[in-house]
Number of protein chains: 2
Amino acid sequence: MESNQVVQALASLAQVTRLDLYRLLVQQGPQGLAAGQIAKQLGIPATTLSFHLNHVQQSGLITAKRAGRSIIYSANYQVMQQLIDYLSHNCCEAQPASSDCCNPDRSPT
Amino acid sequence: MESNQVVQALASLAQVTRLDLYRLLVQQGPQGLAAGQIAKQLGIPATTLSFHLNHVQQSGLITAKRAGRSIIYSANYQVMQQLIDYLSHNCCEAQPASSDCCNPDRSPT
DNA sequence: TCCATATTTCCAGAATAATGGAAATATTAA
DNA sequence: TTAATATTTCCATTATTCTGGAAATATGGA
């Protein structure tokens, strides 16, 4: 994962509404949730939600597919995993021995 | 780690200069680096750096200690670990079985 | 005490992000 | 084809963040 993408992914989550949004989609699992349902759950207007959905989608952390009139959003776990790997790697590289910062079972990316 | 703190920590890293700053401090390890040296490395004015240092320090991801005329900044790995744990937990909770998203050796925070 | 160095705070301007209403688009059903 | 539903795009406003110069503060040395 490249530095620019990392910043974008972090920015996607670095805002209360969007973090809530992402967490909601993670809870829903692979079947995802329609935009209207998300708006209802989060208690925000469709327009505002659309702005945030677009933001998070750009980063790759969520994906969309149309189903009839609705558009279903769901979390993309792979991108989250890449983000976590990047952070783990950055957290650890200076002192692999002294911290419990690294997962010894997973090699750095 | 609480949702507000998470947003703050993510926001600390969701900006190119600050991500570079944090990575630089991770590279330096526990002995850290003086503000002036950081500014030189990153090629930014002291004022701008001070703004970003303050931002990241607020989140707890870095800490400062005075040494003579200089102020030495260093990465706080614990907070990064908490952040990673939070993300891992959020990434996994919907489908613990199907993904390699969780570290099975570490209990969720 | 006076000066040099390191860093911060203060401040104002520029840039970017967030919000939400109105109108546009896509889809389905009657 | 007309109407209803779901969502988005357009746009203007407000809010927040970023930037860097000038001045203030802290420290150590002559």
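Me: Why is the way in which α5(A) passes α5(B) called a left-handed crossing?
Reply: A crossing is called left-handed if the near helix is turned anticlockwise from the far one by less than a right angle, and right-handed if it is turned clockwise. In this predicted model, for which local features need pLDDT of at least 70 and side-chain atom pairs count only at pLDDT 80 or more, while totals for chains, interfaces and linings use all residues, α5(A) passes α5(B) in the left-handed sense. Residues are numbered from 1 along each chain as its sequence is written, and chains are lettered from A and ligands numbered from 1 in the order in which they are written.

Me: What makes α5(A) roughly antiparallel to α5(B)?
Reply: Helix α5 (residues 77-92) of chain A and helix α5 (residues 77-92) of chain B pack at an angle of about 165°, and their axes are 10 Å apart. Axes are lines fitted to C-alpha atoms, for helices over the stretch in contact, and angles run from 0 to 180 degrees between N-to-C directions. Angles under 35 degrees count as roughly parallel, over 145 as roughly antiparallel, 65 to 115 as roughly perpendicular and the rest as oblique. The angle therefore makes α5(A) roughly antiparallel to α5(B).

Me: How do you know which residues make the contact of α5(A) and α5(B)?
Reply: Two residues are in contact if their C-beta atoms, placed from the backbone, lie within 7 Å. Among the residues of α5(A) that make the contact are Tyr77(A), Met80(A) and Ile84(A), and α5(B) contributes residues including Leu83(B), Leu87(B) and Cys91(B). By class, this contact has 11 nonpolar, 4 polar and no charged residues. In this classification Ala, Val, Leu, Ile, Met, Phe, Trp, Tyr, Cys and Pro count as nonpolar, Asp, Glu, Lys and Arg as charged, and the others, Gly among them, as polar.

Me: Why is α2(B) called oblique to α3(B)?
Reply: The axes of helix α2 (residues 16-28) of chain B and α3(B) come within 11 Å and cross at roughly 120°. That angle makes α2(B) oblique to α3(B). The crossing is right-handed. Thr17(B), Asp20(B), Leu21(B) and Leu24(B) of α2(B) form the contact with Ile38(B), Gln41(B) and Leu42(B) of α3(B).

Me: What makes α2(B) roughly perpendicular to α4(B)?
Reply: Their axes come within 10 Å and cross at roughly 70°. This angle makes α2(B) roughly perpendicular to α4(B). α2(B) passes α4(B) in a right-handed crossing. In this contact, Thr17(B), Arg18(B), Leu21(B) and Tyr22(B) of α2(B) meet His52(B), His55(B) and Val56(B) of α4(B). The contact has 3 nonpolar, 3 polar and 1 charged residues.

Me: How do you know that β1(B) and β3(B) pair?
Reply: Two strands pair if DSSP finds at least two bridges between them. β1(B) and β3(B) have 2 bridges and pair in the antiparallel sense. Helices (H or I, at least four residues) and strands (E, at least two) are DSSP runs, numbered from the N terminus. One pair of bridge partners is Leu33(B) and Tyr73(B), the latter in β3(B).

Me: What makes β2(A) and β3(A) a pair of strands?
Reply: Strand β2 (residues 62-67) of chain A and β3(A) share 6 bridges in the antiparallel sense. Arg66(A) has Ile71(A) in β3(A) as its bridge partner. Gly68(A), in the hairpin of these strands, takes a positive phi near 65°.

Me: How do you know which residues are around DNA strand C?
Reply: A residue is near a molecule or strand if its C-beta atom, placed from the backbone, lies within 6 Å of it. Of the 22 residues around DNA strand C, Thr47(A), Ala34(B), Ala35(B), Gly36(B) and Ser70(B) come nearest. α4(B) gives the most to this surface, with 5 residues. The surface has 8 nonpolar, 11 polar and 3 charged residues.

Me: Which residues come nearest to DNA strand D?
Reply: Of the 22 residues around DNA strand D, these are Ala34(A), Ala35(A), Gly36(A), Ser70(A) and Thr47(B). α4(A) gives the most to the surface near DNA strand D, with 5 residues.
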